[in-house]
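Biologist: Can you put the model up on the screen? I'd like to go through it piece by piece.
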Amino acid sequence: MPKRKGGPSSSSTPNSPLLKFGVLTDIQHAPVPDGLSFSGSPRYYRNALHSTSSISTLLTTRHSCPFSLNLGDTIDGKVNSIAQPALEVLTNVLDVMKNFQGQWHHVYGNHELYTSLTREILSTTLNIPFKTEGSDLIAYHSLLKSPLPPSAPYRFIFLDAYDLTVLGRTGSKRSAAEIYLNKNPNYLKGDVNSPVGLLGDEVRFVAFNGGYGSTQMEFLKSELDECRIKGQKAFVCGHQPFHPGSTNLICLTLNYKTMLEVIEENSDVILATFSGHSHWPGYIESNGIHHIVFSAVLESEPGVDTYAVVNVYEDYMRIEGFGDEVNRVLKFGKETAAGAGNVKKRGKQDDC
């Protein structure tokens with residue numbers, strides 16, 4: 001039985017949710033010995049596979065979720081240190097995720113890009129509908145989920161935080177990322193993931209972060225306009241956090257300010273953003289939008305299964321946190337949320 005931490009009791013909720021789904025993130029499985037992050041947090045690379053198997057079973061047998069979100073970093077870059085191919089390691093994780101009888105919706109993160117997995121391979125194995133921009137593949141798309149009883153569907157918009165990046169990119173998208181990364185003297189010296197000497201949100205100018213291109217930004221605006229016309233509400237999903245108040249600043253995207261401006265201009269449509277990457281739970285409400293960062297499967301000790309089940313009601317959502325995830329009851333609109341909690345911030349550099 002997964003343990004539960006924090007948050008208010010859920011016993012006061014009398015009605016069934018309009019929509020229900022599971023969330024996990026940062027599995028980062030690799031068949032290697034356990035290790036530590038830069039800040040000293042334990043990482044259980046092998047156990048992450050067993051935990052994902054357990055979570056996938058529970059999402060069906062205990063929670064009856066019709067679909068679930070995997071917010072990226074399914075395998076760890078440490079697979080580069082072993083002979084087993086990265087695709088085989090990823091396939092092993094996806095095999096245990098079949099314990100879930102609903103539908104998985106995946107995004108990818110920086111760790112997949114550290115390996116031999118190309119975006120073409122990720123498109124096929126994770127069933128991500130990439131779009132083509134010139135010679136580049138970018139993974140932004142949306143889908144609709146109908147509530148019960150039937151009414152206007154909810155729109156899930158999946159964004160690609162590694163549209164602009166030095167990871168697996170050449171040409172203009174790599175150059176666009178380097179405009180930001182060149183502001184980091186460590187990057188110029190070859191220490192590409194070090195924020196030493198950077199101040200405030202400039203610590204985000206490291207190579208394990210990416211950014212959003214202009215075409216993707218226009219896609220998001222178009223999707224939100226369509227939501228407004230059709231009377232729909234939206235959840236925006238991606239690997240990297242969207243708001244500086246929800247995460248350690250080192251985990252933000254290179255051009256998060258531009259993306260956040262678009263999001264907050266559409267607070268009449270967007271209910272929440274969902275992300276991972278930071279490994280620790282984080283939350284802030286800003287302009288009526290709930291920004292939730294979910295905890296990593298990777299950093300929960302053996303026997304602790306970390307995931308969430310999101311229950312959406314007409315005027316609020318209830319997030320049931322298991323393992324090292326947090327319980328939250330979040331009202332829609334500009335109100336204080338019960339059990340919202342604060343982001344846990346590490347005092348040192350960490351490797352997301």
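Modeller: Here it is; keep in mind that this is a predicted model. Let's start with helix α7, whose buried residues are Gln216, Met217, Phe219, Leu220, Glu223, Leu224 and Cys227.

Biologist: How far apart are the end C-alpha atoms of α7?
Modeller: They are 25 Å apart. Helix α7 has 17 residues, 214-230, so at 1.5 Å a residue it should span 24 Å, and the two values agree.

Biologist: What comes just after α7?
Modeller: Gly231, which takes a positive phi of about 70°.

Biologist: Which strands does α7 lie across?
Modeller: Helix α7 lies across β8, β9, β10 and β11, and it runs at about 180° to β9.

Biologist: OK, the sheet then. What order do its strands come in?
Modeller: It is an open sheet of six strands, ordered β8-β9-β10-β11-β13-β12, and the pairing is mixed. At the edges stand β8 (141-145) and β12 (282-286), each with a single partner strand, so one side of each has no neighbour in the sheet. From one strand to the next, the twist averages 15°.

Biologist: Parallel or antiparallel for β9 and β10?
Modeller: Parallel: β9, residues 154-158, and β10, residues 233-237, pair over five bridges. Tyr154 stands opposite Lys233 of β10.

Biologist: Which strands does α8 lie across?
Modeller: Helix α8, residues 256-264, lies across β11, β12 and β13, at about 135° to β13.

Biologist: Back to the loop between β9 and α5. Is Asp163 there buried or exposed?
Modeller: Asp163 is in that loop, and it counts as buried because its relative accessibility is 0%.

Biologist: What joins the side chains of Asp163 and Gln216?
Modeller: A polar contact of 3.0 Å. Gln216 is also one of the buried residues of α7.

Biologist: What else does Asp163 touch?
Modeller: Leaving out residues up to four places away in sequence, its contacts include Ile138, Arg169, Lys173 and Tyr212.

Biologist: How do β1 and β14 pair?
Modeller: In the antiparallel sense, over five bridges, with β1 at residues 19-24 and β14 at residues 307-312. Lys20 stands opposite Asn311 in β14.

Biologist: Last one: what do β15 and β16 form?
Modeller: A hairpin, with five residues between the two strands. Gly323 is in the turn and has a positive phi of about 65°. The strands pair in the antiparallel sense over four bridges, and Ile319 stands opposite Arg328 in β16.

Conventions:
Residues numbered from 1 in each chain as written. Predicted model: local features only at pLDDT ≥ 70, side-chain atom pairs only at ≥ 80, totals over all residues. Heavy atoms only, no water. Expected span 1.5 Å × (residues − 1). Buried < 20%, exposed > 50% of the residue type's maximum accessible area, 1.4 Å probe, protein only. Pairing = 2+ DSSP bridges. Axes fitted to C-alpha atoms, helices over the stretch in contact; angles between N-to-C directions. Contact = heavy atoms within 4.5 Å. Polar contact = N/O pair within 3.5 Å; in protein donor to acceptor, adjacent residues only side chain to side chain.
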